[in-house]
Each structure stands twice: as C-alpha cells, then as structure tokens.
Amino acid sequence: LAARESRQERSIVRLSEQCTFGGKDISIIAGPCSVESEEQIMQTARMVKEAGAHALRGGAFKPRTNPYAFQGMGEDGLKLLAAARAETGLAVVTEVVTPDDVELVSKYADCLQIGTRNAQNYKLLEAVGAQSKPVLYKRGMSMTIDEYLQATEYILAGGNNNVVLCERGIRTFEDHTRNTLSLSAVPELHHRTHLPVVIDPSHGTGHARLVPAMARAAVAAGCDGLAIEVHPDPEHALTDGAQSVTPAVLAEMIASVRRVAEAV
Ligand code: PEP
Ligand code: MN
C-alpha cells in the first residue's frame, strides 16, 4: 500500500487547514522535546507560531532510555498542548508510546507520533492504523529503508492512509553527531512510496549548531516538511536541550529554508 505504484499521485496528509504534508509547500513542525509546564509550552507555541511554524510538537509521554529520567507530563501535558492549539491555531503533534494510550492521545492530538524506539512495535503500529488521526511515523534508528516501508504497511493495512514518514537519523559508527542523518532517504523514499517525507535534523544531529544547515540541505533534497526541536531556554530544557534551537534561530531558519525551496 505504501508503494509508489499503488497510487497515481503523491499522498497529501492534512493535519489542519494550515498544515499539510505532500503538497508544494513545506510545513514546519516545531516545539520542545517535552511539554514541561504551562508557561513553557504556551510561550513556545506563541513564539514558533510567530516564527512561521505550522504545527506544534511536544512530548507528553516520553520514551526515555533511562527509567529514572523525566517521563513526561502525561494527560496533563496533552491538555496543555490542546490549550496551546486553542490559542495559536497550530496543529498538535505528540508521541504515543503504547497501544493502551492511543485513544487518549488521539483525543487531544491532530497527529500521533510514533518514535524511533517504537518503530518496530507492530501492535502499536496496528493501533494507530486502526484510528483516523494522521501519524508521523519515525524511522527506527536501526531500520533499513526496506524494513521501514514494510513496517509502514502495519499502519496502512488498518485503513489509515494518513501517514507521514520521518527520517531522524540512524545509528552508525560516527559519533560527532548523536545519529547520522540519512538525507538520501528523502529521494529514495520519494522514489519508492507516495507518502510524504519529513526530516528531523534535531534528533538527526543532536547539536543545535548543526540543525539549520541540515534543515536547508533537507529542503534542497526535496523533503515535504521539517520537525524541529525548539525551546525558549535550551540550557534548562528537561530533555534534548543540546539539540534544541531558540525561537529566534527557528525564525531565521524558516526564512532561509524558504529561500532554498524557491531556488530548487
Ligand atoms: C522526540 O521526537 O522527542 C523523540 C523522542 O524522537 P525519536 O523517537 O526520533 O528519538
Ligand atoms: Mn527529543
């Protein structure tokens, strides 16, 4: 169902009136790694909206490597995301980590994110495939493109065609970055599938200083959107501060990726 040949046209996935993936415009998902407080998410939402983003991201259920680390605000975090949407009009993208929470998360979110650690959690893929909200499905950090597209079928086969693929970096021997961002995934996925492709240069590099250049490169490579971690005070972020850009950097980045998009 994901194969390019199975459809005449590229799929367009719509999160809201202003936020679509797969059309001619590039949509930007921006926001903190985690929802941390009302003040933090409302402030960030206003600032990313002002910078030109189309959707707000923020984890309420966090899949942490360390079980003693901050696990997210849970349903309280989802309520804050919904409040931020009500004020700004931004679509809300947030992660779901277990099939049991799919119904709860889909009550608040405009798009359910499947994280890299759950990319081969087939029961979770089936659960998001059995509901109607769009899915931002991140590539597993050790999945080949072929495995990624086979696993995508678990979502599509349930009847949910609104899937946005997301390259967020894979594990290699290289350690100057947190992951190795595979930008050739963009043209390769476009060659093999009709689904839209988003690049996440934040998890893809792990360093805020590398994010703007990789965002521009991703747009030059033809991606349909970007997912960017943004925090008003990255140094004090509870999660992923090192790879989070400030709202001011986001605004500059959006202006520069627009210039790239016009040029290519
Ligand atoms: C996230 O988006 O904050 C996240 C945990 O992403 P990934 O699953 O790509 O690590
Ligand atoms: Mn993160």
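This is a predicted model: local features need pLDDT of at least 70, side-chain atom pairs count only at pLDDT 80 or more; totals for chains, interfaces and linings use all residues.

Student: Okay, helices first. At what angle do H1 and H2 cross?
Tutor: Roughly 35 degrees, and their axes come within 10 Å. H1 is residues 38-51 and H2 is residues 75-88. The crossing of H1 over H2 is right-handed.

Student: Why give both an angle and a distance?
Tutor: That's how a pair of packed helices is described: the angle between the axes plus the distance between them.

Student: Which residues in H1 and H2 meet?
Tutor: From H1 you've got Glu38, Ile41, Met42, Ala45, Arg46 and Lys49. On the H2 side they meet Leu80, Leu81, Ala84, Glu87 and Thr88. Sorted by class, that contact has 6 nonpolar, 1 polar and 4 charged residues.

Student: Switching topic: which residues are around ligand 1?
Tutor: Cys33, Gly59, Pro63, Gly115, Thr116, Arg117, Lys138, Arg168 and His203.

Student: And how does that shell divide into nonpolar, polar and charged?
Tutor: It's 2 nonpolar, 4 polar and 3 charged.

Student: Now H8. Which residues are buried there?
Tutor: H8 runs over residues 211-220, and Val211, Met214, Ala215, Ala218 and Val219 are buried. They cover an arc of only 140 degrees around the axis, so they sit on the same side of H8.

Student: What covers the buried residues of H8?
Tutor: The cover includes helices H6, H7 and H9, along with strands S9 and S10. Just after H8, Gly222 has a positive phi of about 100 degrees.

Student: What about the loop between H7 and H8, which residue is found there?
Tutor: Ala208 is one of the residues in that loop. Ala208 counts as buried because it has 22 C-beta neighbours inside 10 Å.

Student: What's Ala208 in contact with?
Tutor: Setting aside neighbours within four places in sequence, Ala208 contacts Pro234, Ala242, Gln243, Ser244 and Val245.

Student: Last one: where is Asp240?
Tutor: Asp240 is in the loop between S10 and H9. Its phi is positive, near 55 degrees, and Asp240 isn't a glycine. In general, most residues other than glycine have a negative phi.

Student: Is Asp240 buried or exposed?
Tutor: Buried, because 20 other C-beta atoms lie within 10 Å of Asp240, and 20 or more is the cut-off.

Note on methods:
Residues are numbered from 1 along each chain as its sequence is written. Chains are lettered from A and ligands numbered from 1 in the order in which they are written. Axes are lines fitted to C-alpha atoms, for helices over the stretch in contact, and angles run from 0 to 180 degrees between N-to-C directions. Helices (H or I, at least four residues) and strands (E, at least two) are DSSP runs, numbered from the N terminus. A crossing is left-handed if the near helix is turned anticlockwise from the far one by less than a right angle, and right-handed if clockwise. Two residues are in contact if their C-beta atoms, placed from the backbone, lie within 7 Å. Ala, Val, Leu, Ile, Met, Phe, Trp, Tyr, Cys and Pro count as nonpolar, Asp, Glu, Lys and Arg as charged, and the others, Gly among them, as polar. A residue is near a molecule or strand if its C-beta atom, placed from the backbone, lies within 6 Å of it. A residue is buried if 20 or more other C-beta atoms lie within 10 Å of its own, exposed if 12 or fewer, and partly exposed in between; C-beta atoms are placed from the backbone. The arc is that of the directions from the helix axis to the C-beta atoms.
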